[in-house]
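Morning, everyone. Let me put the structure up, and then we will walk through it.

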Amino acid sequence: ETLDAALARLFGPEAAAPTRPAAQGEPLAPEPRARTLAERAREHYRRALEALRRGDWARYGEEIGRLGELLEEMAAEGK
């Protein structure tokens, strides 16, 4: 029905929540897209560590590769 409802359905309730301007000296809240990329990066890192513990080097390499792609994407958005 609304943009907020659609965003909440796609990205979770925090994506639709408005962010208030930061007070002087207070860090800015991350953009919903940046937060989503960070969550995906954290998940690939977690999976890479699990693969490392199991000795699954192929899976470890895949997850590190995906993590690297996400980090590059995050860096490109920050420019």
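Start at Phe 11. Phe 11 sits in helix α1, which covers residues 3–11. A word on helices: they are DSSP runs of H or I with at least four residues, strands are runs of E with at least two, and both are numbered from the N terminus. How exposed is Phe 11? Phe 11 has a relative accessible area of 43%, so it counts as partly exposed. The scale is this: buried is under 20% relative accessible area, exposed is over 50%, and partly exposed lies in between, with a 1.4 Å probe and protein chains only. Phe 11 and Arg 33 are 22 residues apart in sequence, yet their C-alpha atoms are 9.2 Å apart in space.

Some housekeeping. This is a predicted model, so local features need pLDDT of at least 70 and side-chain atom pairs count only at pLDDT 80 or more, while totals for chains, interfaces and linings use all residues. Residues are numbered from 1 along each chain as its sequence is written, and side-chain values use heavy atoms, with hydrogens and water left out.

Now the whole chain. The protein chain has 4 helices and 0 strands. Along the sequence, the pattern reads α-α-α-α. Of the 79 residues in the protein chain, 14% are buried. Next, contacts, meaning heavy atoms within 4.5 Å. Take the contacts in the chain with a separation of 6 or more: 36% of them come from residues 24 or more positions apart.

On to a helix pair. Helix α3 spans residues 32–54, and helix α4 spans residues 57–77. They pack at an angle of about 160°, with their axes 8 Å apart. The axes are lines fitted to C-alpha atoms, for helices over the stretch in contact, and the angles run from 0 to 180 degrees between N-to-C directions. How do α3 and α4 run, roughly parallel or roughly antiparallel? They are therefore roughly antiparallel to each other. The cut-offs are under 35 degrees for roughly parallel, over 145 for roughly antiparallel, 65 to 115 for roughly perpendicular, and oblique for the rest. The crossing of α3 and α4 is left-handed. That term applies if the near helix is turned anticlockwise from the far one by less than a right angle; clockwise is right-handed.

Which residue classes make up this contact? The contact of α3 with α4 has 14 nonpolar, 1 polar and 9 charged residues. Here Ala, Val, Leu, Ile, Met, Phe, Trp, Tyr, Cys and Pro count as nonpolar, Asp, Glu, Lys and Arg as charged, and the others, Gly among them, as polar.

Let's zoom in. His 44 is in helix α3. With a relative accessible area of 12%, His 44 is buried. Setting aside residues up to four places away in sequence, His 44 touches Glu 63, Arg 66, Leu 67 and Leu 70. The side chains of His 44 and Glu 63 are joined by a polar contact of 2.6 Å. A polar contact is a pair of N or O atoms within 3.5 Å; within protein, one must be able to donate a hydrogen and the other to accept it, and residues adjacent in sequence count only if both atoms are side-chain atoms.

Glu 63 is buried because its relative accessibility is 0%. Beyond its neighbours within four places in sequence, Glu 63 contacts His 44, Arg 47 and Ala 48.

Arg 66 is partly exposed, at 33% relative accessibility. Again leaving aside neighbours within four places, Arg 66 is in contact with His 44 and Arg 59.

Last stop: Glu 73, found in helix α4. What does the side chain of Glu 73 join? A polar contact of 2.3 Å links it to the side chain of Arg 33. Glu 73 is partly exposed, with a relative accessible area of 29%.
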